[in-house]
Amino acid sequence: MTAATTTAPVPGKSDARIGLRANLRHIGALVRRYFMQIRYEPFSMFDALATPIVFSLLFTYVFGGAMTGGNRSEYVNYFIPGLMAMGGLNIAMSIGTGVSDDFNKGVMDRFHTLPIARSSVLIAKLVVESGRMLVSTVILLIMGFIMGFELETGPLELLAAVLLALVFGSSLTWIFMLLGMSLPTPQAVSGMGFIVIMPLQFGSSIFAPTATMPDWLQSFTEYNPLSRLADAARALTSGRGAVAEPVTVTLIWALAITVIVAPLAVRKFRDKTT
């Protein structure tokens, strides 16, 4: 007599099997879990809290006078909106190393047995990292106002600049989550992230106007999405320069990155947890 054998379905194998309401509940539960981790490990917020303070002081008081002929207040008004563009990139890189570390420690293996959509894990991380970006941006603006940053438009325009930086920074998290799942160690993710981040940051209009750069570098900065985001933030906070064009280009970049990379990240996560 032969016993019948059955194959149990793998929980969470297909997102299509889970309804929207259930998926949202899973995302909410995971977001609460991640925030609880931050509560019990407050040092995980160190980069979001310290980086805007260190960068704003460093570049303003070390380089600001040289770049503006001693007029540091002028450089603060130029640099703070640019640093809003850079903040999301730094936070996004940290999530890549965190995802890699979670896989190496077996944390992600726990989700293999749970009946949840694989995408909910990554979306929950995206929500939490967006919150960290927001905190970092608020601290940056506080530092900016302390050092003399002048908002020449209004609170709505400032809010629009913050939201634009948040949208673009959130799209970058998909890239670094994919890197975190594709590279073998957190050190490899950090090294690759450094190689990507440095040209994008310094080959842009974040720290200095591009007019003094060589022609070949100006061509690069023109297509650098960080330059477009920095230009949009400056226009929104100063009231000078075009607003619609850099804002539109930044949103197109954010949408394109999300549409292309997010499905790849979800597929990679599903492959590594099944």
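Which residues line the largest cavity?

Reply: The structure is a predicted model, in which local features need pLDDT of at least 70 and side-chain atom pairs count only at pLDDT 80 or more, while totals for chains, interfaces and linings use all residues. Residues are numbered from 1 along each chain as its sequence is written, and side-chain values use heavy atoms, with hydrogens and water left out.

The largest cavity is lined by Met 84, Gly 87, Gly 88, Met 133, Leu 134, Thr 137, Val 162, Ala 165 and Leu 166. A cavity here is a set of points, on a 1 Å grid over the protein atoms alone, where a 1.4 Å probe fits but cannot get out; lining residues have an atom within 4 Å of a point. The volume of the largest cavity is about 60 Å³, a volume being the space filled by probe spheres set on grid points joined across faces, edges and corners. The structure holds one cavity of 30 Å³ or more.

Three helices, α3 (72-105), α4 (118-146) and α5 (155-182), each supply at least two residues of this lining. Helices are DSSP runs (H or I, at least four residues) and strands likewise (E, at least two), numbered from the N terminus. By class, six lining residues of the largest cavity are nonpolar, three are polar and none is charged. In this scheme Ala, Val, Leu, Ile, Met, Phe, Trp, Tyr, Cys and Pro count as nonpolar, Asp, Glu, Lys and Arg as charged, and the others, Gly among them, as polar.

The largest pocket holds about 620 Å³ of space; a pocket is an open set with protein on both sides within 12 Å along at least five of seven lines. Its lining comprises 22 residues, of which Gln 37, Glu 41, Ser 44, Gly 98 and Lys 125 lie nearest its centre. Helices α1 (20-40), α3 and α4 each give two or more residues to the lining of the largest pocket, and α3 provides the largest share, eight residues. That lining has seven nonpolar, five polar and ten charged residues.

The second largest pocket, of about 400 Å³, is lined by 20 residues, with Glu 74, Asn 77, Tyr 78, Arg 234 and Arg 240 nearest its centre. Helices α3 and α8 (225-238) give two or more residues to the lining of the second largest pocket, and α8 contributes the largest share, five residues.

As for the setting, the protein has nine helices and zero strands, and its C-alpha atoms fill a box of roughly 90 × 40 × 35 Å along the principal axes.
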